Amino acid sequence: MDTTTKRGLFQLLGITFLVQAITPLIGGLLFKNLESSSGIAATMNNITQNIFTVQASVFLQFIAAIVVIMLGVAIYQTSGHINKTMSAIAALLYTFEAILLAVGQVFIVGLMKVSEVYSAGGDAGLLSLGNVLLSCRHFAGEIAMLPFGIGAIIFYYQLGKANVIPKWLMVWGLVTAPCILMYFTLGFFGIVLPFALCLPYVPFEFFTGIYIIIKYRKKMV
């Protein structure tokens with residue numbers, strides 16, 4: 001692989017890290033603001049009144065799902081030589097995560113259509129359907145964190161061992177990614193942990209993406 005191709009690959013790695021951090025955050029916040037503590041009826045009315053916001057959220061989340069797969073491929077290409085078998089497993093886990101994220105958005109599209117029908121006719125029976133669709137969306141998003149957590153642990157270790165990122169950055173990922181895994185795994189079984197457990201991970205992908213973009217803009221390992 002020539003220098004130009006390698007530089008492009010590392011730049012792709014940095015960009016996908018950064019985009020994968022930004023798009024689900026913005027997309028998630030856009031939809032989160034429409035969810036009402038007053039109940040599913042209020043949420044469905046908010047959705048009907050903010051269709052463009054919902055569409056923008058879904059679009060960003062679908063972009064995020066695509067970028068997750070691209071990120072897995074980029075990490076595999078840059079550090080997969082450390083352990084090809086484990087890298088392949090991690091890439092498959094990232095793909096599974098992306099599929100779950102995309103499925104979650106399909107439920108949102110369904111909820112948007114149901115909300116429009118409910119707002120037009122006021123059929124109370126649609127509230128139960130809307131609640132199921134919203135619950136399925138949350139379930140898909142939460143369960144997607146399980147393959148992500150396992151795949152991330154593998155990939156962050158290999159990025160550090162391949163000297164793509166410094167050891168301290170690798171340790172940051174290896175310490176905080178399991179917190180995400182633990183939070184959502186235990187939450188699935190009804191054990192609620194404070195969300196603060198996940199906060200140390202939040203800046204990691206932003207910082208890693210920016211670090212890689214800057215480091216490999218000119219210098220190659």
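Mentor: Axes are lines fitted to C-alpha atoms, for helices over the stretch in contact, and angles between N-to-C directions run from 0 to 180 degrees. Helices are DSSP runs (H or I, at least four residues), numbered from the N terminus. On those terms, H4 and H6 pack at about 145°, with axes 8 Å apart. The model is predicted: local features need pLDDT of at least 70 and side-chain atom pairs pLDDT 80 or more, while totals for chains, interfaces and linings use all residues. Residues are numbered from 1 along each chain as its sequence is written, and side-chain values use heavy atoms, leaving out hydrogens and water.

Trainee: What makes the crossing of H4 and H6 left-handed?

Mentor: A crossing is left-handed if the near helix is turned anticlockwise from the far one by less than a right angle, and right-handed if clockwise. H4 passes H6 in the left-handed sense. The crossing of H4 and H5 is left-handed as well.

Trainee: Why is H4 called roughly antiparallel to H5?

Mentor: Angles over 145 degrees count as roughly antiparallel. H4 and H5 pack at about 165°, their axes 8 Å apart, which makes H4 roughly antiparallel to H5.

Trainee: How do you know that H6 and H7 are roughly antiparallel to each other?

Mentor: The axes of H6 and H7 cross at roughly 170° and come within 9 Å. H6 and H7 are therefore roughly antiparallel to each other. Contact (heavy atoms within 4.5 Å) involves residues including Met145, Phe148 and Tyr156 of H6 and Leu174, Leu181 and Phe184 of H7.

Trainee: What is the division by class in the contact of H6 with H7?

Mentor: Ala, Val, Leu, Ile, Met, Phe, Trp, Tyr, Cys and Pro count as nonpolar, Asp, Glu, Lys and Arg as charged, and the others, Gly among them, as polar. The contact of H6 with H7 has 15 nonpolar, four polar and two charged residues. The contact of H4 with H6 has 15 nonpolar, three polar and one charged.

Trainee: What makes a residue part of the lining of a pocket?

Mentor: On a 1 Å grid over the protein atoms alone, a pocket is an open set of points with protein on both sides within 12 Å along at least five of seven lines, and lining residues have an atom within 4 Å of a point. The largest pocket is lined by 40 residues, with Pro24, Gly141, Met145, Phe184 and Phe195 nearest its centre. Elements giving two or more residues to this lining include H4, H5, H6 and H7. By class, the lining has 26 nonpolar, eight polar and six charged residues.

Key
On a 1 Å grid over the protein atoms alone, a cavity is a set of points where a 1.4 Å probe fits but cannot get out, and a pocket is an open set with protein on both sides within 12 Å along at least five of seven lines; lining residues have an atom within 4 Å of a point. Angles under 35 degrees count as roughly parallel, over 145 as roughly antiparallel, 65 to 115 as roughly perpendicular and the rest as oblique.
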